[in-house]
Amino acid sequence: MSNDQEPTPRGRWDRCGDFVLQALVRLSPKAFRFSNEREILDHASCLLAASPGPMRKAKLWCRLALNLLCTAIRLHLDKIFSPYRVAPKPAEQVRANRRRSDLLSDLPSDLRGGLRLLAKHKIATLVATLSMGMGIGGTTATFTALNGILLTALPVESPRELFEVKARRVAGDFNISYPIFEALHREQEVFSGMFAASGSELVRAQRDGRALSNVFAESVSGDYFEVLRVGNVKGRSLNRSDDSPGGGDTGPAAMISHAFWKRQFLLDPKAIGETLTVEGLTYTIVGITPSGFFGASLGSQPDVWLPMSTSMPESRLSWRTGTFFKIMARVDSDLAQELVEERASALLQRVLDEEEQQGLKTMVRAEEQISNLRIGLEPAANGFGTLRTSYSLPLQVLMGIVCLVLLIACCNIAALQLAQVTSRRREFATRAALGASRIRVFRQLLAENLLLACFGGIVGLILAPYGLRMLSTFLVENRGSQALTLELDLRMLAFTATVTAATGVLFGLLPALRGSGISLQTNLRAGAGNHTPTRSARRLGSALVIGQLALALVLLIGSGLLLKSLVLLNQVDLGFEPERVLSAAVSFKSKQQTPESREQFLTRLDQELSSIPGVTGVAYSWLGLFSTADLSAEVEIEGFEVSEEPPEARLNAVSPGYFETHGSARLEGRAFTDSDRLGAPTVTIVNSTFHEMYFGEEAAIGKTIQLSGDDRVLEIVGVYEDLQWNNLREEKTPMFFLASRQWDMPVGSVAVRTDTNPSSLSRTVEERLQGLGAGALITRIEVLSAWIDSTVSRERILARLATIFGALGLFLAGIGLYGLLASVVASQRSEFAVRMALGATQRQVAWLIQRRNLGLVSAGGAVGIPIALLSSRLLGSFVFGLKTTDVVTLATAIIALLVIGLATGYLPARKAGRLQVISALRHE
């Protein structure tokens, strides 16, 4: 090549390789980097350019990168620990330098040797990598979910100063009504600030006359953003002047989220000042929240924040017995929580006492004393939300399950490494004869284990996002709201790296110690084919397998309890027939101001839905079945003597045909009819529990009840079977129903019964509801059985995951058992051959293996049953209809373990029984 010829252009991979090497050099301390960086990079470039072929170049590049990384680590360690070192004597210094040099220079060769060994045993490496990867991936995904729900604080200033404010009575905590909140807000002096929030709800929204879909809004008091101390707001935040009837100086104001700004306004800065119509009222956008702010409720991010006074009806804000709002306060860190609670409780009691003296309705029950009501503060650094309450325990249980699977996988790997150490005894003895020290052999084995752990960590990191995505679909506070955002971050990567390193070191430690402690004289004297393990090695291998079987039994019993509970939940008598019933949660914008207009609207609603082909029944009600909504009231019952507390029962306002549409059985009397309307005698229907609790054997028909605080007397005209109301776990409670046309209550749920597939009518029902001209907002429309299934989603996902991980744990334990029995057959070939030469039959030799197999399985069961009985108590809140010591579940799990054990031991036993005597003896 001539001197003036242009150099060959470098490819993209060459430039990437140079960039990585340069980054590795820059990991070193500054002093070393400034003096040697250019020389190292030039030398590396020359070596790579002179290396022929892509494979050799890749190997050389890996060796250079590994050497640079080791050099950087050594230099940083020297820099950290050099101030604490005592100056050694010259001879000690020489030996220390030699040991350090040997350690760093041998590391690349140890890793290369480990890679060759893993590549030689491909199947064992694949099984170990996948099993460890599944355990690490599941652990990482579950820990990420736990971190996002329990550990991640609100993205605001000083979140540890935030507390949720509740009132406390003997029966438990409850929320404070809005009038009480306003009184506390005006007079309190112990909080830095406090606010009320309604929670995120789906609303009707329009922009420039165009309807927007899936818009969630939250009504908040004026101090919301000030108390939370949300920074980096574009525009301005809502303030106290905005939270007044009619809004502030510029009228009703609103704030929007960064996600809503991006979705609807494409990040246009001119969005501030534009108008947004929500539920018929026009708001001016005054500010945009930061991109990381999701509100004060975990798992339900609002798109719009509206002032309480302009977005909530006056009747709801003035309701002194209603507790529909959540309250949060900020407490200075230098104040003790007990002192703040004491002062706030005194203020609460004073406000309630003033209400009582003025004769106002209050949230204090008739039998309660005001002095017994107190203020309780609960830490709210992570925000509001039932998500934490509902899923913290399931995630903790799931974390325990995946940790057990990881432990089984690690025991499996330890047993595999132990078997390989036994088969490599002559290799280690030869190394020792050639001068290798015990620490040198130990480092070689530990490097192999760390490589295996790294491969498992990489697989786990690949699987973790899929497991996290599956968990995220279930971790939402309400259907239709924006899901909780769970992503792998640096902390999760650090967690995965820690788990990987810990599993590699801890479970590779015993095999490495045993391999490095090989007796030179004994093993060199052994024959080439003699791989008989020592007694201690056999005991250690058996202990590892017994541990795997015990942990697998724990997983089997736990998953069995969860599955059986789920089956029993699905067999609960609902009191109605959900099949072929389509249920919709609906809200109507227009308010029927007069009884006549309301009557006309209900008639149109009934006619529109009844005219749909295939519809055989129509019902509407205030509250829907399995909608999580609930309402109770104190009642006065004819002939029932009040002893301590007045009777309390659930209530709902329902339409004629409600019970027939849902398929509920009538026990006595009649159903509601079209004649039960305004002007007619007020009537009610009770359930069987109400009848039994308050009337006993007497007839309920014709008796009367009266709502506390209402003058109307209700005559009981019917008794129906109990309806399972909000969830499948709840016990039967007394309940009474009001005739919807006799009470001015909104329609919140619509149901239709069909003689066809209900799902096929969902679009038609939605169109008919929208066509009523009342601005129908349908938040959810599904078959009623789907509503019921959604209430047990927590139990279902936990049962499914427990079953999957239980089967995986049993599979891994079976692999470990098979590996141990196969090693026994391989190491005792000569013994079996001698037995058969002396007259033992194939069945007798096979029975020797199966007897050992049954012994291991029995020992695993004996160890696992007590552990399972103790740990199953953690599942108490998830078990339904049976005890955690259910005999059938225990017996089924033991039989499953026994069957897997016998099936696993069949092949090794068969191989031992079919041993060729002459060939085995000749080999020895």
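## A walk through strands, rings and helix pairs

Start by selecting residues 275–278 and 281–288: strand β7 and β8, which pair in the antiparallel sense over 4 bridges. Strands here are DSSP runs of E, at least two residues long, helices are runs of H or I, at least four long, and both are numbered from the N terminus. Two strands pair if DSSP finds at least two bridges between them.

Before moving on, note that this is a predicted model: local features need pLDDT of at least 70, side-chain atom pairs count only at pLDDT 80 or more, and totals for chains, interfaces and linings use all residues. Residues are numbered from 1 along each chain as its sequence is written, and side-chain values use heavy atoms, leaving out hydrogens and water.

**Around β8**

Then show residues 234–235, strand β5, which pairs with β8 in the antiparallel sense over 2 bridges. Which residue of β8 is the bridge partner of Lys234? Look for Ile288.

Select 193–207 and 210–220. These are strands β3 and β4, antiparallel over 8 bridges. Ser200 faces Glu218 of β4. The hairpin of β3 and β4 has 2 residues between the strands, and Asp208 there takes a positive phi near 55 degrees.

Now bring in strand β9, residues 304–307, which pairs with β4 in the parallel sense over 4 bridges. Val220 sits opposite Pro307 in β9.

**A ring stop**

The structure holds 19 aromatic pairs. Rings of Phe, Tyr and Trp (its six-membered ring) pair if their centres lie within 6.5 Å; planes under 30 degrees apart count as stacked, over 60 as edge-to-face and the rest as tilted. Show the side chains of Tyr178 and Phe181: the ring centres are 5.5 Å apart and the planes are at 40 degrees, so this pair is tilted. Both residues lie in helix α6 (residues 178–187), 3 residues apart, about one turn of the helix.

**Two helix pairs**

Select 842–871 and 887–913, helices α25 and α26. Their axes come within 8 Å and cross at roughly 155 degrees. (Axes are lines fitted to C-alpha atoms, for helices over the stretch in contact, and angles run from 0 to 180 degrees between N-to-C directions.) That makes α25 roughly antiparallel to α26, a label for angles over 145 degrees. The contact (heavy atoms within 4.5 Å) includes Val845, Ile849 and Gly861 of α25 and Leu890, Gly901 and Tyr906 of α26. Colour the contact residues by type and you get 16 nonpolar, 7 polar and no charged. Here Ala, Val, Leu, Ile, Met, Phe, Trp, Tyr, Cys and Pro count as nonpolar, Asp, Glu, Lys and Arg as charged, and the others, Gly among them, as polar.

Last stop: helix α18 (residues 595–610) and helix α21 (residues 762–770), whose axes come within 10 Å and cross at roughly 150 degrees. That makes α18 roughly antiparallel to α21. Show Leu605, Glu608 and Leu609 of α18 with Val765, Arg768 and Leu769 of α21, which make the contact. These residues divide into 4 nonpolar, no polar and 2 charged.

Key
Parallel < 35°, antiparallel > 145°, perpendicular 65-115°, else oblique.
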